[in-house]
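Keep the sequence and the model side by side as you read.

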Amino acid sequence: MIIGKRLRELRDEKKLSQGDIEKRTGLLRCYISRVENGHTIPAVETLEKFARALEVPLYQLFYDLDEPPKLPNLPARKTSADVACGNEGKDARLLAQFSRLFSRLENGDLALVLFMAQVMARRKTRDQGRRVLPKA
């Protein structure tokens, strides 16, 4: 769809001139002409100005109908709670226990525990990249 053509159609339906749109939006008439003739693609903020000037909802700049088309029946998205670790069962209990224990630590001790966890995580990542053979 060419947005400029649609803007011109809506402007003509409302019996407005480019000068009227210029006064209502603050955009230059030459810019409005360039948009309507397809020489310039306006930004979303500019389209909002056009919609206000034409007194139409923004979606009508993109659709010829009174309402936007119905969305297809898409599967529901998972929420962050669905994919978060430690929300249920054994993981939740372990996470709650860690939380209680960490809340009792002083800042220096907590920093040491977190540093050790980082070192262990780096080591595990590094070791996964190479195969470690058992000692014979």
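Residues are numbered from 1 along each chain as its sequence is written, and helices here are DSSP runs (H or I, at least four residues), numbered from the N terminus, while strands would be runs of E of at least two. The model is predicted: local features need pLDDT of at least 70, side-chain atom pairs count only at pLDDT 80 or more, and totals for chains, interfaces and linings use all residues; side-chain values use heavy atoms, with hydrogens and water left out.

Step back to the whole chain. It holds seven helices and zero strands. Along the sequence the pattern reads α-α-α-α-α-α-α. Buried residues make up 20% of the 136 residues. Buried means under 20% relative accessible area, exposed means over 50%, and partly exposed lies in between (1.4 Å probe, protein chains only). The chain exposes about 11,400 Å², and carbon and sulfur atoms supply 56% of that area. Such areas come from the Shrake-Rupley method with a 1.4 Å probe; for residues, only the protein chains shown count as cover.

Now look at α1 itself. Its buried residues are Ile-3, Gly-4, Arg-6, Leu-7, Leu-10 and Arg-11. They cover an arc of only 160° around the axis, so they sit on the same side of α1. The arc is that of the directions from the helix axis to the C-beta atoms. An α-helix has 3.6 residues a turn, so residues three or four places apart point the same way. The face turned away from the buried side of α1 carries the exposed residues Lys-5 and Glu-13. What do the buried residues of α1 pack against? They pack against α2, α3 and α4.

Helix α3 tells its own story. Here Ile-32, Val-35 and Glu-36 are buried. Their arc is only 95° around the axis, which puts them on the same side of α3. These buried residues pack against α1 (3-13), α2 (18-25) and α4. Just after α3, Gly-38 takes a positive phi of about 80°.

Is Glu-36 buried or exposed? Glu-36 counts as buried because its relative accessible area is 5%. Glu-36 touches Gly-4, Lys-5, Leu-7, Arg-8, Arg-11 and Gln-18, leaving aside residues up to four places away in sequence. A contact means heavy atoms within 4.5 Å.

Move on to α4, residues 44-54, where Val-44 has its place. Val-44 is exposed, with a relative accessible area of 53%. Together with Leu-58, Phe-62 and Tyr-63, Val-44 makes a nonpolar surface patch of about 340 Å². Patches are made of residues with over 30% relative accessible area and no salt bridge; like charges are joined within 9 Å, and nonpolar side chains (Val, Leu, Ile, Met, Phe, Trp, Tyr) within 5 Å. A salt bridge is a side-chain nitrogen of Lys or Arg within 4 Å of a carboxyl oxygen of Asp or Glu.

Finish at α6, residues 89-104. Phe-98 and Phe-102 both lie in this helix, four residues apart, about one turn. How many aromatic pairs does the chain have? The count comes to one. The ring centres of Phe-98 and Phe-102 are 5.7 Å apart and their planes are at 15°, so the pair is stacked. Rings of Phe, Tyr and Trp (its six-membered ring) pair if their centres lie within 6.5 Å; planes under 30 degrees apart count as stacked, over 60 as edge-to-face and the rest as tilted. Phe-98 is partly exposed, at 39% relative accessibility. Phe-102 is partly exposed too, at 31%.
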